[in-house]
Amino acid sequence: MSSERQRSSGISVVVESLHGGGDLASSLFVGRAEQLDKLLRLLAPNMQKSNAVVVSAVSGMGGIGKTALAREVSGKAVVQEWFQGGIVFVDLHGYGAHDEQVRPVQLFAPLLQALGAPREEIPATAPEQAVAYHQLLARRAKSGQRVLIVLDNVSFGNQVRALLPRQMVHRALVTTRDAIDLQDAHKLDLDVMTSTEALALLSKSIANRLPADRRVSEGKPEALHLVSLCGSLPLAVSITASLLADEPSVTIQELSRISNRVAIFRFGEVAVAASFDQSWKHLQRRNPDAAALLPVLSLNPGLDIANITVAALVGKSVDEVIPLLRALRQASLLQHVGAGRWRMHDLIRQYASMQAERITLEADRLTASRRLLEFFRANAKIADSYLKQTLDLATLVEVADPSTNGIDCLDASLAWFDSERANLVEVARFATGSKMYELAFDLTTFSFCYMSWRRHLDDWSTLSELQLESAQRIGDEQLISQALLDRGQMLNAVGNLEDSLESFGSALLGFRAVSDVTREAVCLNSMGTSLRRLGRFRDAIDCHKESAQIFEAACDNARLAQAKSNLGSALRDNGKLEDSIRAYRDSMRYFRTVEAPRSKSIVLNNLALALALNGDTDEAIEVHREDIMICRGIGDRHGELMSLRNLADLLAKLDRLGERVSIIDRIISLTDPDLSNQDGAELYNLATALQDRGDTAMAIAAYGRAIRHFAKLGSGWREMVSWNRLGILYEQLGDLEDAKVAKGRAKALSVEFRNADRRQEIFGSLFPREVDLIKHLLE
């Protein structure tokens, strides 16, 4: 490797001429196999089209390893002897101060020298040098001497366009932090390393200076945590390795405990913050409004942020913020994660937070944070109201006004909660930590129905703790009792029944202290559900009866109906079926006075089960059918499926197999595309039962449905068994032609299952009595 150096306007321009792989290939280079392979294919002689390859990081920042990758691939190209005309490498300092950036006119002479042009033949002026440069490249191309020009650290297209070769045999490799415009360039986005690659880089970098060091090998979990704190950013990992190598007595755990990671990632003149600073200041010159947005985005405590949330944070419209967000992404300071959502690398977030503290007033930061929290509260309230409407709780809560943010139905509400769930937890945690307790209480409260619906129990538990802490900080006894009640319901959901009773008991005392009779009754009703699950049926019955009396006195029919329904379940589990049926009928009577179809459906299903247990099977069937029609009317697929399965089980016990075929057919239509082998097995077992009792026409229909079902699932061996049974049935009926077709299909499917492992799987199937038949098919 040799270099040519030229000074122009105080700038030192260095062009390296690369002659040997050993000059470039680093023993510390780790990973990037896919990216190396792609670049090498583009640089290879058989690649007909000469294009610059722009290496740009999705995660965006400097320090991601673009230069190291360019050097590694150049070294491999030298070893392959692909570029007999020469390989030159130049750093254009694109992200330094404006007067430090290298321009094309400064490079022609050094490039000519690096490519072997005699000094005395290099023209004196830049325009003449440019002509001479491209003439040299043309002569090399004509003689078959390929040239690779590596242009590192480029910040804008015009910095390199005049330097790119014009001949197809040559290649140019460009590295940049920005989405620069180079026509027809092959673009390669370089992301952060995997955790495994980052760990390998840490280990090799330390071992390069301290070969006997065992801190990484003996503490892999701690080392993995450390590279995660580096965000798997190669520059941060390399600096960390240098710090550990420089101080052998420092443990990995000690370095991991330092909170200001951006500040600590410095060794000598190399620093992560300096790299980010270059990118940010470069953007300030090009797009000051976009640069100003970066520190503000660090105020978002969540993992990512949506366009509309950014607009709320800065107090602008979505149309105003989208171009700024795109500019940040193009500057490699922000990641676009799809669907109008954005994310910052952890270290960039810390850097941006440092800038926010440096350049903005605390009052302004608090104002922006409050706008963000109020935005989340408003949207959570709207979405929560739609969920409660669906769950028939709308009469029990204040229903929010229609949304202006697209949250205008149940699906939109669930979609908003799904996309913001992780952020809601962080926002609620931030609100509590920032002493905005009223906002924290509302944020947690409006999230509980969703967390219960989706069964996100860990997040529900976290929010419950934050809700209780906020209520206690506010010092309002009623809010504390509400938080205890909500916590009891969460504990009931996770199966922590004893603790749920304790929480309900504390809430009950609190509501009684402030004479909140309605919530006292809600608390009693909730206590009853935990007591029933604990098997304390008498206590559960007493709680439900007491809550029902309070709701009846208050003429609160919706809550009274719920209490009666829960009472029916407690009585049923206690073996008092007649009393249970009466309680369920009472519940239905009260539910018919309010608009609560989903709750009616639940009660009807429970009533049907109790009637069946009591021997009132005909009425149980009719009640199931009424429940199914209600579920179908409100689009409650889950509720309809539950009632259909219960009805199918009841019909099986009554040996009413013909009716059961249509029920199972409906179950399958509802489960498609969520098909399950269980549903197909139901059809298969039903078909064999019909066959055994001589109902051949229905049996043939059931086998046909089972075959179609298993074919959709791709369950070939189950389909094979069904075809075989159908063939046997046709033989029994004397229909030998159809029997031959069915058995032929079974035989064809059997080819797939002739190895021992598949046989073992099949013999442990849902159809143990078919083993002999299957063995015969596999012979």
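Trainee: Why is Arg455 called partly exposed?
Mentor: This is a predicted model, so the value is computed from predicted coordinates. Arg455 has a relative accessible area of 46%. Buried means under 20% and exposed means over 50%. Arg455 therefore counts as partly exposed.

Trainee: Where is Arg455, and what marks its backbone?
Mentor: Arg455 sits in the loop between α19 (448-454) and α20 (457-474). Its phi is positive, about 60°, although Arg455 is not a glycine. Most residues other than glycine have a negative phi.

Trainee: Arg32 also has a positive phi of about 60°. Is Arg32 buried or exposed?
Mentor: Buried. Its relative accessibility is 4%. Arg32 lies in the loop between α1 (21-24) and α2 (33-43).

Trainee: What makes Leu210 partly exposed?
Mentor: Leu210 has a relative accessible area of 24%. Buried needs under 20%, and exposed needs over 50%. Leu210 is therefore partly exposed.

Trainee: Where is Leu210, and which residues does it contact?
Mentor: Leu210 is in the loop between α6 (195-209) and α7 (220-229). Leaving aside neighbours within four places in sequence, Leu210 is in contact with Arg215, Leu244, Ala245 and Pro248. Contact here means heavy atoms within 4.5 Å.

Trainee: What does Val623 touch?
Mentor: Leu604, Leu607, Ala608 and Leu611, not counting residues up to four places away in sequence. Its C-alpha atom is 9.5 Å from that of Asn606, 17 residues apart along the chain.

Trainee: What share of the chain counts as buried?
Mentor: Of its 779 residues, 53%. The chain has 36 helices and 12 strands.

Trainee: Which residues touch the most other members of the largest nonpolar core?
Mentor: Leu202 and Leu297, in a core of 105 residues. Helix α16 (residues 362-390) gives the most to this core, with 10 residues. There is also a second, separate core of 56 residues, which includes Val522, Ala610, Ala648 and Leu651.

Trainee: What is Leu297 in contact with, beyond its sequence neighbours?
Mentor: Leaving aside neighbours within four places in sequence, Ile305, Val310, Leu313, Leu325, Leu328, Leu334 and Met344. Leu297 also lines the largest cavity.

Trainee: What makes that space a cavity, and what is its volume?
Mentor: A cavity is a space where a 1.4 Å probe fits but cannot get out. The largest one has a volume of about 60 Å³. The count is two cavities of 30 Å³ or more.

Trainee: How does the lining of the largest cavity divide by class?
Mentor: Into six nonpolar, one polar and three charged residues. Among the lining residues are Asn300, Asp304, Trp342, Arg343 and Arg349. Asp and Arg count as charged, so Asp304, Arg343 and Arg349 fall in that class.

Definitions and conventions. Residues are numbered from 1 along each chain as its sequence is written. This is a predicted model: local features need pLDDT of at least 70, side-chain atom pairs count only at pLDDT 80 or more; totals for chains, interfaces and linings use all residues. Side-chain values use heavy atoms; hydrogens and water are left out. On a 1 Å grid over the protein atoms alone, a cavity is a set of points where a 1.4 Å probe fits but cannot get out, and a pocket is an open set with protein on both sides within 12 Å along at least five of seven lines; lining residues have an atom within 4 Å of a point. Grid points are joined across faces, edges and corners, and a volume is the space filled by probe spheres set on the points. A nonpolar core is a set of buried Ala, Val, Leu, Ile, Met, Phe, Trp, Tyr and Cys residues joined through side-chain atoms within 4.5 Å. Buried means under 20% relative accessible area, exposed over 50%, partly exposed in between (1.4 Å probe, protein chains only). Helices (H or I, at least four residues) and strands (E, at least two) are DSSP runs, numbered from the N terminus.
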